[in-house]
Amino acid sequence: MAAIAPAERQSAVTEMPDELRADVRLLGGLLGQVIAEHGGPDLLADVERLRKAVIGARRGDTTADEVAALVAEWPLDRAVQIARAFTCYFHLANLAEEHYRIRILGQRDRDDVPLRESLAEAVQELRGDERLGGDQRPADLVEGLEYRPVLTAHPTEARRRAVVTAIQRISGQLDAYNAPGRGAGEREEAHRRLLEEIDLLWRTAQLRSTKLDPLDEVRTAMAAFDETLFRTVPMIYRAMDAALEPGTGTREPLAKAFIRYGSWIGGDRDGNPNVTSKVTREAILIQADHVLTALENAATRIGRTMTAGAMDTPPSAKLREALARATGDFPDLVSEMATRSPQEPHRQWLFYVATRIAATRSRDLDLAYRSPSELLDDLRIAQESLRGAGAVRQAYGELQHLIWQVETFGFHLAELEVRQHSQVHAATLEEIAAGALSERGEEVLATIRTIAWIQERFGVTACSRYVVSFTRSADDIAAVYELARHALGDRAPVLDVVPLFESGADLDNSADVLTGMLELEPVRRRLAANGRRLEVMLGYSDSAKELGPAAATLRLYDAQAALTAWAKDNDVKLTLFHGRGGALGRGGGPANRAVLAQAPGSVAGRFKVTEQGEVIFARYGHSAIARRHIEQVTNAVLLASTPTVESRTAAAAAKFRALAERVASASERAYRALTEAPGFPEWFALVSPLEEIGSLRLGSRPARRGLGAPRSLDDLRAIPWVFAWAQTRVNLPGWYGLGSGLAEVVSGGGLAELRSAYREWPLFASLLDNVEMSLAKTDRSIAARYLALGGRDDFAGQVLTEYDLTRKLVLETTGHTRLLENRRVLSRAVQLRDPYVDALSHLQLRALSALRADGDLSENERDRLSTLLLLSVNGVAAGLQNTG
């Protein structure tokens, strides 16, 4: 992005709301105090010098060369401290914005007007849709609703867990400081605690010293469940129930539990030799321990409050019988509960339920529940008894929340999905035929035996999906069933084998693969047993890396349309599983807009998507934001499934189909001309911190397929590809090629048609909006400094020329006078962060240039330069609020 004009940046500052400005100043001031206390006033003065210099560069008061000279004059140790300062600032600025967003959500959530993109708004729109046929059809649509987020361990969270928890503690103290009604003493104490926690954040190492193992990743994900998801999910159902009919909490709920979490963490072994059958087994046990602990605590808490006496709230005959059976089976236990809660049968029963949940966790087989359905039966005994006694608020209040939690999370929390590459299966079958299994082949069979063990322990729903990466034919699906037969014979587990289509050719061939799957006997048996339900996964990351953003978007849309038509022709209830990344270059962007842009008929009330890396904590780190995210996606799933939206989208797709093909074709040619040119992978490794990103120890999976410098894009995983480009301030995977695609149409006089497509077709609008966001996070002048490191003026020139063309034509197509003109909040966030990201980019350029020059560097100098580089990588990721 070209430098922001002074008036434009001043506008962003002026637009900053008073509450947000106050929090940013408070946290920034406290950080400045900590920096001065730790490094002396000179350190703070140097931080201020750099801050003012980069702001001046954006105003045109100074030059980038002068900023670079300032950065170069500091000793490396001082540069490292300054990088830490800007990184900590971004963590605090992000926190302040999160708090402001939460406050605004609360203010907008008024009883008389449904919040935009909420469940209440969705139900209201469904009822107003004449094509749905009144109230019953919306109810039917809600009845069949499914939302399946799948957490993955893809390494895109640059922050250490210790840093994340430090930020969460600061968040709690900021809440306390801003809480209304606090006295001066309480506010002063909150201020002292804020300073204490910010001091600790400063002292906490920003970089990991050891590499994560898969079980570390499992435990990290559990924090989102413990701190947010378990409590948030029933709030979502409550909101849906209230939207469907007045009186929620005093009647039987109309909302069903429609959310089912999945997880690849500890199950995804594609390219990750660290994920073994033992890890998968341990992962499900960790999940079970967390969810059973949460269920036990909830049942105990509700039991403690359930003090309704037998005289006013008499138990039902069914509850009396259940208590009598429990007394016969465990007389001492129930007697002790009766002593603690005399004449409070509902309380006694819930304490008994909590004790049985605890026994399930500790594997006390005499008391343990055998399945979640047994627990649900016991909870419904209490619910029906309370309802029969007239205590409807107790029946359908917190007790209903617990029922929804059991229905959502079961005893396993999230379905653990296994993923493996098709070539690994083929190689293992060859080894079996030769009678000589390798260690990897033994592990494949051990994994299938682990799936069987999980199903025996926790039920089929805990682990049955087996995703096959790079599915090329039905033979790749058949291989998994054949391996299951070799592993366990007739005792093989129930498997729903999910093909994953990633490359352009595989997406084009996807419907033919499914036709071949229908000829497989194991697939036919599974379809007969599950109501002809089939799941297919579409990979956004690798298709975008191969084709470029515009061509990949259209290819994925076409695949969805073809698969939807195939499912209708074959009487299959299809669920499309969207393997979307967090970054725009990997299918990221606003999830609700992405849902509304799907091919007509492809949603049908069901949406499954990956939630990756930094996205997990961005969306699930706070209850209010988690609820908002889930409501927005569910709103879009419901609306995208209506005949009105489907027909409107279909008409737009037909109208602009030829136009989109021209854009995509020219875009792909331009993208391939760059990325497939000889020497491009080596150049990319020179101009970006690609090699060094692996040293950040972001996750347990290797960053690259194979060893040494990348020889082609195939050697690179999509995450480091996107992450490295973001660090260079180029963000190439999010926009490259679209300018050439738009130019192809504009040169023929098609600008007006492009503008119509942007207004009328959600897919095209989503593509351009995401590209505009990516362009806004690009800085042309700093990007040019990175590109110059590779010594290839031709490549650098191609990239910058395409950037200029893309920026120009995107603005002409959208009608905007500047990037993100119609998205004030995001525009403000980007503009206000840009100068501070610039500071870290200049520090990173200093380190990267020295490392690439590779002169007479001592080992100590190389280590310190690497530390500076990695700290700056961490800080830029925090400033841009995305990695890979």
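Begin by selecting helix 28 (residues 623-640), where Glu-631 and Arg-627 both lie, four residues apart, about one turn of the helix; helices here are DSSP runs of H or I with at least four residues, numbered from the N terminus. This is a predicted model, in which local features need pLDDT of at least 70 and side-chain atom pairs count only at pLDDT 80 or more, while totals for chains, interfaces and linings use all residues. Residues are numbered from 1 along each chain as its sequence is written, and side-chain values use heavy atoms, with hydrogens and water left out.

Glu-631 and Arg-627 form a salt bridge, their closest N and O atoms being 3.0 Å apart; the term stands for a side-chain nitrogen of Lys or Arg within 4 Å of a carboxyl oxygen of Asp or Glu. Glu-631 is buried at 8% relative accessibility, whereas Arg-627 is partly exposed at 26% (buried means under 20% relative accessible area, exposed over 50%, partly exposed in between, with a 1.4 Å probe and protein chains only).

Next, select Arg-657 and Asp-558, which form a salt bridge with closest N and O atoms 2.3 Å apart. Arg-657 belongs to helix 30 (residues 657-675) and Asp-558 to helix 25, so the pair ties together parts that are 99 residues apart in sequence.

Then move to helix 3 (residues 41-59), which holds both Asp-46 and Arg-49, three residues apart. Their salt bridge has its closest N and O atoms 3.3 Å apart; Asp-46 is buried, with a relative accessible area of 10%, and Arg-49 is partly exposed at 38%.

Key: Helices (H or I, at least four residues) and strands (E, at least two) are DSSP runs, numbered from the N terminus.
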